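Please look at the sequence and the structure shown below before reading on.

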Amino acid sequence: MKGFARDETRFSLCGLNCLLCPMRTGGYCPGCGGGPGNQSCAIARCSLEHGAVPFCWECPSYPCARYDGFDSADSFVPHRSRAEDAARARELGLNAYLTQLEERRAALDALLGRYNDGRRKALFHAAAYLLPLEELHAVLDALENRPGLAEQPVKERALAAAALLQEAAKRRNVSLKLEKKGKT
């Protein structure tokens, strides 16, 4: 979108964790306002109309009608925790939140680097996005300390990682499946 740019591309205008998005990690999107990105984004257009606010929650109209149903379905990025993530960023302060986001990205990079068999990217991304940071660290520690796992083929390592992530999600009552919009 002509005239739209942001300094912070790890965390979107609306509160999505761009740094954990598979489009971003795959090199297909530089993040909201960091270049080509999603140039048709209605929220980016709205930001420009409201004086280029860096985050929607800084707009006096937030939350507005644009958010009606916004979090009811996911695409490749989990939307269900977007409002909570935006609130957490406001509460902690952006720098502290971004530090935690970078820790999540490091956990995601570890999962993708050591346990990705090509079939579990979506699961790893959702887990990095939705599980509490301490659960991600616990899963990675358990994987690193499992005797003989490092010598196993990647398929076996991926199965072990997926099982531990699903167990952690079940303990926290978190679904790691993306919520698709129903056809109307």
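Phe 11 and Tyr 97 are both buried, where buried means under 20% relative accessible area, exposed means over 50%, and partly exposed covers what is in between (1.4 Å probe, protein chains only). For Phe 11 the relative accessible area is 0%.

This is a predicted model, in which local features need pLDDT of at least 70 and side-chain atom pairs count only at pLDDT 80 or more, whereas totals for chains, interfaces and linings use all residues. Residues are numbered from 1 along each chain as its sequence is written, and side-chain values use heavy atoms, with hydrogens and water left out.

## Aromatic pairs

A pair of aromatic rings is described by the distance of the centres and the angle of the planes. Searching the whole structure gives 6 aromatic pairs, where rings of Phe, Tyr and Trp (its six-membered ring) pair if their centres lie within 6.5 Å, and where planes under 30 degrees apart count as stacked, over 60 as edge-to-face and the rest as tilted. In one of these pairs, the ring centres of Phe 11 and Trp 57 are 5.8 Å apart and the planes stand at 50 degrees, so the pair is tilted. Phe 11 lies in the segment before helix H1 (22-25), while Trp 57 lies in the loop between helix H2 (42-49) and helix H3 (82-92), so the pair ties together parts that are 46 residues apart in sequence. The helices named here are DSSP runs (H or I, at least four residues), numbered from the N terminus. Trp 57 counts as buried, because its relative accessibility is 13%.

Phe 11 also pairs with Tyr 97: their ring centres are 4.9 Å apart with the planes at 50 degrees, so this pair is tilted. Since Phe 11 lies in the segment before H1 and Tyr 97 in helix H4 (residues 94-115), the pair ties together parts that are 86 residues apart in sequence. Ring pairs link Phe 11, Phe 55, Trp 57 and Tyr 97 into a cluster. At Phe 55 there is also a charge to consider, for Arg 6 lies over the face of this ring, at 4.9 Å from the ring centre; a charge sits over a ring if NZ of Lys or CZ of Arg is within 6 Å of the ring centre and within 35 degrees of the ring normal.

Ser 47 is found in helix H2 and counts as buried, because its relative accessibility is 4%. Leaving aside residues up to four places away in sequence, Ser 47 touches Phe 4, Leu 13, Ala 52 and Val 53, where contact means heavy atoms within 4.5 Å.

Most residues other than glycine have a negative phi, and most peptide bonds are trans. Ala 52, which lies in the loop between H2 and H3, has a positive phi of about 60 degrees although it is not a glycine, and with a relative accessible area of 45% it is partly exposed. Pro 63 lies in the loop between H2 and H3 as well, and the peptide bond from Tyr 62 to Pro 63 is cis, with omega near -10 degrees.

## Helix H7 and its two contacts

Two packed helices are described by the angle between their axes and the distance between the axes. Helix H5 (residues 121-130) and helix H7 (residues 154-172) pack at an angle of about 35 degrees, with their axes 11 Å apart; axes are lines fitted to C-alpha atoms, for helices over the stretch in contact, and angles run from 0 to 180 degrees between N-to-C directions. On the H5 side the contact is made by Leu 123, Phe 124 and Ala 127, and on the H7 side by Ala 161, Ala 162, Leu 165 and Gln 166.

Helix H6 (residues 133-145) also packs with H7, at an angle of about 145 degrees and with the axes 10 Å apart. Among the residues that make this contact are Leu 136 and Val 139 of H6, and Leu 164 and Arg 171 of H7. In the segment after H7 lies Asn 173, which has a positive phi of about 60 degrees although it is not a glycine, and which is exposed, with a relative accessible area of 72%.
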